[in-house]
Each structure stands twice: as structure tokens, then as C-alpha cells.
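Dear colleague,

I am passing on the structure below, and I would be glad if you could look through it alongside the notes that follow.

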Amino acid sequence: MGVVALVNVLVVASFVATTLCAGNFNQDFDITFGDGRAKIVNNGQLLTLSLDKASGSGFRSKNEYLFGKIDLKIKLVPGNSAGTVTTYYLSSEGPNHDEIDFEFLGNVTGQPYTLHTNVFAQGKGGREQQFRLWFDPTADFHTYSILWNPQRIIFTVDNTPIREFRNWESIGVPFPKNQPMRVYSSLWDAEDWATQGGRVKTDWSKAPFTASYRNFNANACVMSNGKSSCSGSNRGSSSWMNQQLDSSSQQRLRWVQKNYMIYNYCTDIQRFPQGLPKECTSTK
């Protein structure tokens with residue numbers, strides 16, 4: 001089955017206070033580490049992260065968000081990227097932090113990346129799903145998105161949903177909904193586990209490794225001094241605030257999970273001999 005276009009179901013009402021659609025990396029992000037290995041160029045329209053044997057690099061958003069739809073175009077490290085990890089995630093701070101993860105695990109030339117996803121709530125993660133991709137993520141930029149609202153989290157790739165994590169607080173499963181999160185990204189060396197469980201190491205003769213970013217977009221509720229730009233009557237005026245997958249999107253999700261999912265914690269009986277997590281066996 002070929003990739004088909006999705007119905008555009010994630011339209012944001014124009015009058016809600018959000019970040020600007022045409023993101024500028026100089027305005028939207030701070031470099032967090034790398035000692036010059038992270039670069040913002042083209043008048044803020046392009047950001048690159050690099051990794052060599054001495055250090056990786058990273059950045060984070062200036063704003064904190066509490067719900068929204070976050071998009072970022074990424075072109076991953078080409079060639080032999082074994083041992084490298086490119087991350088793109090939302091995270092709050094502190095030991096009981098919330099986090100929503102995309103992690104891209106590199107591989108040797110000609111072998112596919114592994115797209116690793118996870119959700120942390122109140123400091124607890126362990127909700128991994130992993131995928132291959134149906135395209136070469138190093139040949140061009142592709143859009144990786146996180147839709148996060150009080151009912152669910154939806155991971156999408158080029159507008160195709162690959163994962164949905166619902167709010168199961170009704171059965172005692174924590175859900176990230178109270179802590180504002182920043183957008184983070186980093187490129188770093190994880191040769192001890194990233195590629196084939198650490199059996200394939202980083203080839204430093206190929207360094208520096210570089211990933212590229214553009215077109216950041218946050219249609220989101222911005223938190224400032226404890227107040228949300230979506231507070232009061234504006235809270236429900238964005239379509240993503242109550243967004244769920246329509247029938248077409250559910251079909252695409254099933255297609256991805258059938259053909260491209262390579263690990264799902266909800267089917268790992270060996271990992272959970274006492275029974276799968278509650279959210280894995282519940283239905284609404």
C-alpha cells in the first residue's frame with residue numbers, strides 16, 4: 001500500500017495566541033551545548049548540530065509550552081551514522097519530569113535508521129515503540145510532529161500518524177498535562193547501545209556527523225510567568241486542543257504499525273511477566 005495524503009485535520013484557529021508559524025532559530029531557540037558545534041545560519045532559517053569525538057551539540061526552545069502541535073523538519077546524519085543518536089523531544093524539568101520523545105538511532109551505511117519513541121509522565125517512562133521509516137531520512141528534510149493535548153499525544157511523520165498515546169488517568173496511568181515543556185534537540189554519541197545494542201561502534205574517521213533543522217512551527221499554548229496564552233475562553237478555540245484521529249488517520253496509523261513498527265512495549269510479554277501495563281490492555 002502506497003503512502004496517501006491525509007486529510008488536513010490539524011488546523012489552528014487564527015485568533016489563539018501562538019508562536020509564529022515562520023519560525024526563526026535565532027528568536028526561538030538557545031544553543032545549550034557544543035562549543036560552536038551548533039550553528040544557526042541563513043538568517044535564522046537553518047540550524048545544524050554536529051558531533052565529533054570530543055563533543056556533541058544541542059539546543060532548546062526559549063518558550064515553554066503546555067499543549068500544542070509542534071513541527072520540525074529534520075535531515076538526519078547521512079552515510080555511516082552508527083553509534084549516533086539525534087533526539088527531538090519535549091521535556092519539563094525535575095526528577096518527576098514529563099517528556100515526549102523522538103530519538104533517531106543511526107546505522108551503518110545502507111542500513112535503516114531506527115525511530116525510537118517514548119512517553120514519560122511524572123518521571124516514569126518505559127513506554128517505548130520503535131519504527132523503521134518508509135523513506136531515507138538522510139536524503140532530504142522530513143517533518144516530525146508532536147500533537148499534545150489533554151486527551152492524547154499523537155506522533156506524526158510527514159503528517160502520517162505513527163503512534164497515539166491516550167490519557168488513561170481514569171485507570172491510574174499518569175499523563176503529562178500539568179508541567180510545561182520546552183522543545184529540545186541534540187546530537188550525541190551513544191555507541192554503547194544505539195546501533196545493534198552497541199555491537200556496532202561509532203566510526204570517528206567519518207566525523208564530524210551533522211544533522212540539519214528548519215521550519216520550526218509551534219501552534220501551542222505558551223507559558224509565561226505561570227500563565228498560558230490559551231487560558232480562559234481561548235483554551236478550547238484551537239482545533240488541536242480536542243483533536244483526535246479521524247477514520248483516515250486511524251487507517252494510516254494501522255498501516256504504519258503493521259508494516260514499520262519493530263518494537264512495542266505493549267506486546268513485550270517477556271519484559272512484563274506479571275502482566276502488561278494497564279494502558280496496553282484497556283479500550284475506550
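A salt bridge, as the term is used here, is a side-chain nitrogen of Lys or Arg within 4 Å of a carboxyl oxygen of Asp or Glu. Please keep in mind that this is a predicted model, in which local features need pLDDT of at least 70 and side-chain atom pairs count only at pLDDT 80 or more, while totals for chains, interfaces and linings use all residues. Residues are numbered from 1 along each chain as its sequence is written, and side-chain values use heavy atoms, with hydrogens and water left out.

The structure holds 9 salt bridges. One of them joins D71 and K69, whose side chains meet at 2.6 Å, N to O, and both of these residues are buried (buried means under 20% relative accessible area, exposed over 50%, and partly exposed in between, with a 1.4 Å probe and protein chains only).

Another salt bridge is formed by R37 and D52, with the closest N and O atoms 2.9 Å apart. This pair links distant parts of the chain, since R37 belongs to the loop between β1 and β2 (39-41) and D52 to the loop between β3 (46-51) and β4 (57-61), 15 residues apart; helices (H or I, at least four residues) and strands (E, at least two) are DSSP runs, numbered from the N terminus. R37 counts as buried at 19% relative accessibility, whereas D52, with a relative accessible area of 23%, is partly exposed.

E279 and R127 also form a salt bridge, their closest N and O atoms being 3.3 Å apart. Because E279 lies in helix α3 (residues 278-281) and R127 in the loop between β8 and β9 (129-131), the pair ties together parts that are 152 residues apart in sequence. E279 is buried at 11% relative accessibility, and R127 is buried as well, with a relative accessible area of 2%.

Turning to the strands, 8 of them form an open sheet with antiparallel pairing, in the order β1-β4-β13-β6-β7-β8-β9-β16, where two strands pair if DSSP finds at least two bridges between them. β1 (29-33) and β16 (261-264) stand at the edges with a single partner strand each, so one side of each is left without a neighbour in the sheet. Within the sheet, β7 (residues 99-105) and β8 (residues 114-120) run antiparallel and are joined by 7 bridges, and L105 stands opposite T114 in β8.
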